[in-house]
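Biologist: Please take me through this model one question at a time, from the overall make-up down to single residues.

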Amino acid sequence: MKVHDTIRLPFVASTPGVARTRLAAFLTVNRASAEVIDNALIVISEMIANAVCHGVPTSDGTIEISWAINGTLLELSVYDAGKGGSLKPIDFDEDSLSGRGLSIINRVADRWWVDMSTGTRVNAELGLSPH
């Protein structure tokens with residue numbers, strides 16, 4: 001059985017914090033481990049921060065954020081109306097002040113990908129079993 005939630009939040013800098021709270025509650029209710037919750041919060045924060053920093057709000061000024069538990073996977077998705085651009089992790093060092101988002105997602109998520117067929121949707125999967 002797939003358990004999921006989709007929310008639309010304002011396209012503003014505070015959105016990652018609101019989404020983290022909602023996702024943590026969802027995962028807690030669905031009995032995810034503390035490690036999975038921590039990793040999921042890191043990934044969703046980076047996905048949303050990248051969208052707000054580099055993307056475009058939808059026509060109603062929001063960003064769409066969704067998550068689902070599908071068997072042994074946690075699926076995360078962030079959608080904004082932006083098109084184009086390069087979404088590839090870049091190398092960074094400990095002194096880098098920006099540009100870490102996709103690299104962090106790449107290191108924490110088990111798998112991630114981008115769909116730019118309509119706007120930009122960044123998707124990630126994390127296993128529900130801690131590593």
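**From the whole chain to single residues**

Biologist: What share of the accessible surface of the protein chain belongs to carbon and sulfur atoms?

Modeller: The area comes from the Shrake-Rupley method with a 1.4 Å probe, and for residues only the protein chains shown count as cover. The total for the protein chain is about 7200 Å². Of this accessible surface, the part that belongs to carbon and sulfur atoms is 53%.

Biologist: What percentage of the residues in the protein chain is buried?

Modeller: This is a predicted model, in which local features need pLDDT of at least 70 and side-chain atom pairs count only at pLDDT 80 or more, while totals for chains, interfaces and linings use all residues. Residues are numbered from 1 along each chain as its sequence is written, and side-chain values use heavy atoms, with hydrogens and water left out. Buried means under 20% relative accessible area, exposed over 50%, and partly exposed in between, with a 1.4 Å probe and protein chains only. Of the 131 residues in the protein chain, the buried ones make up 43%.

Biologist: Which glycine in the turn between S4 and S5 has a positive phi?

Modeller: Strand S4 (residues 111-115) runs antiparallel to S5, and five bridges join them; valine 114 stands opposite valine 122. The two strands form a hairpin with four residues between them. In that turn, the residue with a positive phi of about 70° is glycine 119.

Biologist: Which residue takes a positive phi in the hairpin of S2 and S3?

Modeller: S2 and S3 pair in the antiparallel sense over seven bridges, and serine 66 has serine 77 as its bridge partner. This hairpin has two residues between the strands. The positive phi, near 65°, belongs to glycine 71.

Biologist: How many residues apart in sequence are the parts that the phenylalanine 26 and tryptophan 67 pair ties together?

Modeller: Rings of Phe, Tyr and Trp (its six-membered ring) pair if their centres lie within 6.5 Å; planes under 30 degrees apart count as stacked, over 60 as edge-to-face and the rest as tilted. The structure holds one aromatic pair. The rings of phenylalanine 26 and tryptophan 67 have centres 6.3 Å apart and planes at 50°, so the pair is tilted. Phenylalanine 26 lies in helix H1 (residues 15-29) and tryptophan 67 in strand S2 (residues 62-70), so the parts tied together are apart in sequence by 41 residues.

Biologist: Is arginine 121 buried or partly exposed, and what is its relative accessibility?

Modeller: Arginine 121 lies in strand S5. Leaving aside neighbours within four places in sequence, arginine 121 is in contact (heavy atoms within 4.5 Å) with residues including Glu64, Ser77 and Trp113. Arginine 121 counts as partly exposed, with a relative accessibility of 23%.

Biologist: What is the relative accessible area of threonine 15?

Modeller: Threonine 15 is found in helix H1. Not counting residues up to four places away in sequence, threonine 15 touches Leu9, Pro10, Ile48, Ile63 and Ile65. Threonine 15 is buried, and its relative accessible area is 2%.

Key
Pairing = 2+ DSSP bridges.
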